[in-house]
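Here's a quick tour of a ligand site, written for someone who likes to start with contacts and pockets. Have the viewer open while you read.

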Amino acid sequence: MGVRITVVSPETFGLAACRELLLLAGRFEAPLLGLATGNTPKPLYEALAERVRLGEVSLARFQPPFAIDEYVVSDADHPCANRAFFAHYWSAIPATCPAQQFDPTAVDLPTEATNVGSAVEEAGGLDVVILGIGVNGHLAFNEPGTERAQRAMLTTLTAQTRASASACFGAATPTHGLTLGLAEILAARRVLLLANGAGKAEIVVRALQGPVGSDCPASFLQEHPDCSVVLDAAAAARLSP
Ligand code: PGA
């Protein structure tokens, strides 16, 4: 129970994360996943796709998963937005149910966020949520300052989050995001937090060994009853033993 940390080499990060995901999901009859996007989980999805292709695992029991966030973009098929990400990294996994996603072109974005949050709750809540961590400690688009009771919402992205996103979006980096709230994320029965690379070392320490508070939303994971963390050696470098 509590937070368990596994540190692996960069080469085995995807496979280790995949193994952990299957372990976490294994106890549920029809697992409902929350899916992160970003650079971090790509090796996990690739490893999962490979294992399914080889017939080593099947996701047939899994329910259609939920994307945990989305950029507000006027073109839902923008190559840097999540629809394109899931088309590449999730739908490419043989025999998976399509991911349920926020519609960033909805006329009423706050209502769109609320509706997705309600859909998660009506489905019984997430069994396993896959999370990355922002360099500022955000979880999905729950930026620093977000309270733990926050439900799914339309949110303003911080300068740091926009700076990371600009690597793909360039000058047209979105200013807003749609996200499950900390409420729906922390209510997941099991959490898989992933981080790799030296750029995450500082925030990993802050989140896992610093004080718990909304200035670092990922720190709330310290109080989650069942949180598994997979790090590569660089991301784990500053953790105290
Ligand atoms: P990254 O993003 O995986 O692209 O580093 C993580 C996050 O912002 O949650």
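What follows covers the ligand's surroundings and then the pocket.

## Around the ligand

Keep in mind that this is a predicted model. The shell around the ligand is made up of Gly38, Asn39, Thr40, Gly132, Ile133, Gly134, His138 and Lys200. Sorted by class, that shell comes out as six polar residues, one nonpolar and one charged.

At Thr40, an N or O atom of the side chain lies 2.4 Å from a ligand oxygen. The side chain of His138 also puts an N or O atom 2.6 Å from an oxygen of the ligand. With Asn39 it's the backbone that takes part: one of its polar atoms is 2.9 Å from a ligand oxygen.

## The pocket

Where does the ligand sit? You'll find it in the largest pocket, which has a volume of about 770 Å³. There are 33 lining residues, and those closest to the pocket centre are Thr37, Gly38, Asn39, Tyr71 and Ser164.

Strand E4 (69-71), helix H3 (82-89) and helix H5 (159-169) each give two or more residues to the lining. H5 gives the most, with seven. By class, the lining of this pocket splits into 18 nonpolar, twelve polar and three charged residues.

Technical notes
Residues are numbered from 1 along each chain as its sequence is written. This is a predicted model: local features need pLDDT of at least 70, side-chain atom pairs count only at pLDDT 80 or more; totals for chains, interfaces and linings use all residues. Side-chain values use heavy atoms; hydrogens and water are left out. A residue is near a molecule or strand if one of its heavy atoms lies within 4 Å of it. A polar contact is a pair of N or O atoms within 3.5 Å; within protein, one must be able to donate a hydrogen and the other to accept it, and residues adjacent in sequence count only if both atoms are side-chain atoms. On a 1 Å grid over the protein atoms alone, a cavity is a set of points where a 1.4 Å probe fits but cannot get out, and a pocket is an open set with protein on both sides within 12 Å along at least five of seven lines; lining residues have an atom within 4 Å of a point. A molecule sits in a cavity or pocket if more than half of its atoms lie within 2 Å of its grid points. Ala, Val, Leu, Ile, Met, Phe, Trp, Tyr, Cys and Pro count as nonpolar, Asp, Glu, Lys and Arg as charged, and the others, Gly among them, as polar. Grid points are joined across faces, edges and corners, and a volume is the space filled by probe spheres set on the points. Helices (H or I, at least four residues) and strands (E, at least two) are DSSP runs, numbered from the N terminus.
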